[in-house]
Amino acid sequence: MGETVRAVVAKAKGEPVSICEIEVPDPGPGEVTVKVAACGVCHTDLHYREGAINDEFPFLLGHEAAGHVDAVGAGVTSVVPGDFVILNWRAVCGQCRACLRGRPQYCFDTRTASQKMTLDGVELSPALGIGAFAEKTLVDAGQATKVNDAVSPAAAGLLGCGVMAGFGAALNTGAVGRGDSVAVFGCGGVGNAAIAGAALVGASTVIAVDVDATKLEWAIDFGATHTVDASKCDPVETIRELTDGFGADVCVEAVGNPQVLKQCFYARDLAGTVVQVGVPSPGMMMPELPMIDFFGRGGALKPSWYGDCLPSRDFPMLVDLHLQGRFDLERFISETIDLDGVEQAFTRMEAGEVLRSVVVL
Ligand SMILES: NC(=O)c1ccc[n+]([C@@H]2O[C@H](COP(=O)([O-])OP(=O)(O)OC[C@H]3O[C@@H](n4cnc5c(N)ncnc54)[C@H](O)[C@@H]3O)[C@@H](O)[C@H]2O)c1
Ligand SMILES: [Zn+2]
Ligand SMILES: [Zn+2]
């Protein structure tokens, strides 16, 4: 039977998004429908609209969301209607080689709904297998992680992508610990989550790098101990100066830009780690680096997908830290908007005016 709901769809490459009436099927076996309560606007949604992820238009955008389970399909036991959940794009299969080796965060076969949501009979591609700029969406049951409903949906939803990606990039992928020096390049929602995570675990030097002075001011509120405006100075030299000439133990690239990756590479101390969480466009190439520098400097270059998180482990923990006042999710929310405001939110994101615009339904 299904239901028709309002949703934000990107119909063609580079074109403004439209509000459409889409059809959401009733959940089949292993699936759930979720009434979306809030969904943040992530830069990755804009990447989809720009055709920078793939060409499978039309996209149903939105993937940083929380809401209430509406209905569950056959065999679903993990959630029941009414449960408050955060949606995730890492519903692990439990059976692939990565899962069987005890590394489910690298699952090669993550689950999404088998049925398709449609627009006038045309199958939609939901962003990151979620599609939550919609009054209701359809996901695999494993994509819905139950958390304490004392948290506001707008704050909780942020854990569904950007904040989890940044936090995990620093702590899971980069293994930042107490006393470490950390430099985070790009202080949007993702970068500031890396900064907040590094501060939370006791990194002693947390350097925020951006080309936007306002973003750097905000980064201080998240726990940055120093700021570097890369539009005004050489960030590599400045980070060395701020770390007694050594460079940072961990550099996090949260922009998605080869030149910034190169800066991260050289701003590290010997044997330091570069974590790349910013998403490159398909045409971008790795920066040219003398191979002797790669070898000679040691350490690690590590891409980070979703902060190497496990939603079932990390979402409830981060909600608890938030409710205890130790990891402030509300601080990431620059404005709340409705579904009609997504296109303007992209403009504001590109202009650097917001950290996170959050659609509240
Ligand atoms: N790997 C993942 O799992 C994952 C998850 C979510 C988002 N992302 C990606 O992370 C990146 C950041 O996302 P966001 O939502 O925080 O985006 P954002 O646009 O809010 O933030 C990007 C920041 O980078 C800054 N910047 C731009 N050029 C710079 C430069 N040359 N040097 C330093 N700073 C520069 C901008 O001023 C801005 O503050 C995006 O590429 C996004 O697609 C990755
Ligand atoms: Zn798996
Ligand atoms: Zn995202």
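In strand 13, which residue is the bridge partner of V182? The bridge partner of V182 is V206.

This is a predicted model, in which local features need pLDDT of at least 70, side-chain atom pairs count only at pLDDT 80 or more, and totals for chains, interfaces and linings use all residues. Residues are numbered from 1 along each chain as its sequence is written, while chains are lettered from A and ligands numbered from 1 in the order in which they are written.

**The sheet**

Strand 12 (residues 181–185) pairs with strand 13 (residues 205–210) in the parallel sense, over five bridges. Two strands pair if DSSP finds at least two bridges between them. Helices (H or I, at least four residues) and strands (E, at least two) are DSSP runs, numbered from the N terminus.

**Helix 6**

The buried residues of helix 6 are K215, W218 and A219. They cover an arc of only 110° around the axis, so they sit on the same side of helix 6. The arc is that of the directions from the helix axis to the C-beta atoms. A residue is buried if 20 or more other C-beta atoms lie within 10 Å of its own, exposed if 12 or fewer, and partly exposed in between; C-beta atoms are placed from the backbone.

Helix 5 (189–200), strand 13 and strand 14 pack against the buried residues of helix 6. The face turned away from that buried side carries the exposed residues A213, T214 and D221.

**Helix 10**

Helix 10 (residues 311–323) has 13 residues and should span 18 Å at 1.5 Å a residue; its end C-alpha atoms are 18 Å apart, which agrees. The expected span is 1.5 Å times one less than the number of residues.

P311, D314, F315, L318, V319 and H322 are the buried residues of helix 10. Seen down the axis, they fall within an arc of 130°, so they line one face of helix 10. Their cover includes strand 6 (84–87), strand 11 (144–146), helix 3 (153–157) and helix 4 (162–173).

|---|---|---|

**One residue in helix 7**

T238 lies in helix 7 (residues 235–242). Is T238 buried or exposed? T238 is buried, because 20 other C-beta atoms lie within 10 Å. T238 touches V228 and C233, not counting residues up to four places away in sequence. Two residues are in contact if their C-beta atoms, placed from the backbone, lie within 7 Å. T238 and A183 are 55 residues apart in sequence and 11 Å apart in space, C-alpha to C-alpha.

**Two domains**

The domain assignment gives domain 1 (3–160 + 328–360) and domain 2 (166–304). Their C-alpha centres lie 28 Å apart. The contact takes nine residues from domain 1 and 12 residues from domain 2. Helix 1 (residues 43–49) gives three residues, the largest share of the side of domain 1 that touches domain 2.

Key:
Domain bounds come from an automatic or database domain assignment.
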